[in-house]
Amino acid sequence: MLKVAIMKALRPDARGLARAAAVIKRGGLAAFPTETVYGLGASAFDPAAAAGIFEAKGRPHFDPLIVHISGLRQLRSVAAEVPPAAALLARRFWPGPLTLVLKKRTSVPDIITSGLPTVAVRMPAHPVAVRLIKLTGPLAAPSANRFGALSPTTAEHVLRQLGPRGVIVIDGGPARHGIESTIVSFDRGRPVILRRGALPDAEIAAACGLRKVRLARPGARVRAPGQFRTHYAPSVPLKLIKPGAAAAPRGAAYLAFRRRPEGEFRRVEVLSQSGDLREAAANLFSALHRLEMSGAKVIYAERVPARGLGLGILDRLRRAAAR
Ligand code: TXA
Ligand code: MG
């Protein structure tokens, strides 16, 4: 308990960055802000450090990690091949909330890719992430949460989950997007979405000159690992409902999309009063963290509209409900 209380986030200044970089260069872990969610970083070329990530997160399987880069030169140090559609998407959306699954170089240890012949790569846009990666080189980083728990969108979320394990974190403020990156792989040169996320499907399709981009279904030929149904679960049960609180009992915690519900709830969070899906995504995990801590025994969450970023939000709510 005391340890939690005295853990403090590092400031995103030269000193804080140097300290985090030094820990990573020694084979340790440091959590850092990105524009999607906070990441738990280790050197992408150090298998023992990567093992430390799995241990700190309590990930039961070796589930492949995303490698974060700060420039295109680093892409060549991890990816062996970049198909034309991937190059196009990288030019259009990097730095940003897009992860590309590419054929890997042998320099990337198997523990990072779970033995897959491919590596997931992303160039984040958050200035603190970029500065850190410039100091350390490519960083393997999953979301900085305990396995199965809510993704962290603030430094405080990270400290609550991983502080007791001695993980340090650079505080870069709340994550702008609030949900993870969209993951795209390539099947004979064509894009396939493995995980919906902060970059909407339609933008990827438009950039590729396609009407629609294929979505990999779990169990499909293109492996979509890490897609455990319960991946984004709060520690109390969550029920997904139609907007309007008719179904929710008194004393529950309530996640509304736009309108504050009538009724007596333990705690209510509204994702976006104006119905803006961008704002809703940015608030999603913070709102769930607060509802989880409210002491309520159950969370009722309203479905959001199934379009644009709403699809990424629904994906995470469904997983939270499936625990
Ligand atoms: O926004 C994000 O993507 C955040 C920030 C920190 O960058 N990271 C993140 O990492 O969400 P994580 O570990 O929570 O999710 C990574 C996902 C997993 O579902 C993993 O299975 C998938 O990426 N992945 C990694 N390598 C892959 C590969 N070679 N092929 C297919 N999927 C892969
Ligand atoms: Mg995660």
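How many salt bridges does the rule find across the interface of domain 1 and domain 2? The rule, which requires a side-chain nitrogen of Lys or Arg within 4 Å of a carboxyl oxygen of Asp or Glu, finds one. E180 pairs in a salt bridge with R316, with 2.7 Å between the closest N and O atoms.

The model is predicted, with local features requiring pLDDT of at least 70 and side-chain atom pairs counted only at pLDDT 80 or more, whereas totals for chains, interfaces and linings use all residues. Residues are numbered from 1 along each chain as its sequence is written, and side-chain values use heavy atoms, leaving out hydrogens and water.

An automatic or database domain assignment divides the chain into domain 1 (9-215) and domain 2 (238-321). The C-alpha centres of domain 1 and domain 2 are 27 Å apart. Contact (heavy atoms within 4.5 Å) involves 20 residues from domain 1 and 16 residues from domain 2.

Buried area, the accessible area (1.4 Å probe) that two parts lose on being put together, summed over both, amounts to about 1500 Å² between domain 1 and domain 2, with carbon and sulfur atoms giving 60%. Of the area that domain 1 buries against domain 2, 39% is supplied by L150, I179 and R196, more than by any other three residues.

Seven residue pairs (both at pLDDT 80 or more) are in polar contact between domain 1 and domain 2; such a contact is a pair of N or O atoms within 3.5 Å, where, within protein, one must be able to donate a hydrogen and the other to accept it, and residues adjacent in sequence count only if both atoms are side-chain atoms.

Conventions. Chains are lettered from A and ligands numbered from 1 in the order in which they are written.
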